[in-house]
Amino acid sequence: MRYAHTNLIAKNWRSLSLFYQKVFECKPVPPERNLKGAWLERLTGMPDVHIVGEHLRLPGYDDAGPTLEIFSYDTSTSGVPKLNLHGFSHIAFEVESVADTVKLLLSEGGELVGEIVSREYDTLGTGTFAYAKDPEGNIIEVQSWKKHKDSSAE
């Protein structure tokens, strides 16, 4: 068993995909998807459904790693439950510098939700965090970690 992907439904999958490629160094995994037909109608319960998009390899993984699947529906999703009512809240990326990544994120059309904050954890080190939104309003956590110095090594 293995984790496969997380799906993100976009208003404009191409522009949202480029955002994740530029800001978080995600890499496209061909082929682009152009999905339709009776099999998809049965799967989704939506008549005349048409889905387009692509998968992006998440940073830090090889070719077998999980992906972020960014799709757009050509058909209305009214009547389909909204996924933001309960359940997944955000996607998180660990980066070298939260401040630098947030700066890039803002330049690519994202926005900061709150402030960049740091917190010391007794056993984990210092974590620096920010919540932001991608250009379509999806929540992203950006984090970095600085380990405690090992005082026993001195």
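User: Hi! How many helices and strands does the protein have?

Analyst: Hello! In this predicted model, the secondary structure comes to 3 helices and 9 strands.

User: And what pattern do they follow along the sequence?

Analyst: Reading along the sequence, you get β-α-β-α-β-β-β-α-β-β-β-β.

User: What share of the residues counts as buried?

Analyst: Of the 154 residues of the protein, 32% are buried. Here is another overall number: take the contacts between residues at least 6 apart in sequence, and 54% of them join residues at least 24 apart.

User: Let's look at the open sheet. In what order do its strands come?

Analyst: The order is β1-β4-β3-β2, so 4 strands in an open sheet with mixed pairing.

User: Which strands stand at the edges?

Analyst: β1 (5-9) and β2 (27-36) do. Each of these two has a single partner strand, so one side of each is left without a neighbour in the sheet. As for the twist, it averages 20 degrees from one strand to the next.

User: What packs on that sheet?

Analyst: Helix α1, residues 13-24, packs on it and touches β1, β2, β3 and β4 (67-73). The direction of α1 makes about 5 degrees with that of β3.

User: Back to β2. How many bridges join it to β3, and which way do the two run?

Analyst: There are 7 bridges between β2 and β3 (residues 50-57), and the two strands run antiparallel. You can find some of the pairs yourself: proline 28 has leucine 56 of β3 as its bridge partner, and leucine 35 stands opposite isoleucine 51 in β3.

User: Which peptide bond is cis?

Analyst: The one from proline 30 to proline 31 is cis, with omega near 0 degrees.

User: OK, which residues have a positive phi although they are not glycines?

Analyst: Glutamate 25 has a positive phi of about 60 degrees, and aspartate 48 has one of about 55 degrees.

User: Where are they, and are they buried or exposed?

Analyst: Glutamate 25 is in the loop between α1 and β2, and its relative accessible area of 56% makes it exposed. Aspartate 48 is in the loop between α2 (38-44) and β3. At 60% relative accessibility, aspartate 48 is exposed as well.

User: New topic: what is the volume of the second largest pocket?

Analyst: About 270 Å³. The lining has 13 residues, and the closest to the pocket's centre are Val23, Phe24, Glu25, Val95 and Thr101. Glu25 is the glutamate with the positive phi.

User: Which elements give two or more residues to that lining?

Analyst: They are α1, β5 (91-94) and α3 (98-107).

User: And how do the lining residues divide into nonpolar, polar and charged?

Analyst: The lining of the second largest pocket has 6 nonpolar, 2 polar and 5 charged residues.

Technical notes: Residues numbered from 1 in each chain as written. Predicted model: local features only at pLDDT ≥ 70, side-chain atom pairs only at ≥ 80, totals over all residues. Heavy atoms only, no water. Axes fitted to C-alpha atoms, helices over the stretch in contact; angles between N-to-C directions. Contact = heavy atoms within 4.5 Å. 1 Å grid on protein atoms, 1.4 Å probe; cavity = no way out; pocket = protein on both sides within 12 Å on 5 of 7 lines; lining within 4 Å. Points joined across faces, edges and corners; volume = space filled by probe spheres on them. Nonpolar A, V, L, I, M, F, W, Y, C, P; charged D, E, K, R; others polar. Buried < 20%, exposed > 50% of the residue type's maximum accessible area, 1.4 Å probe, protein only.
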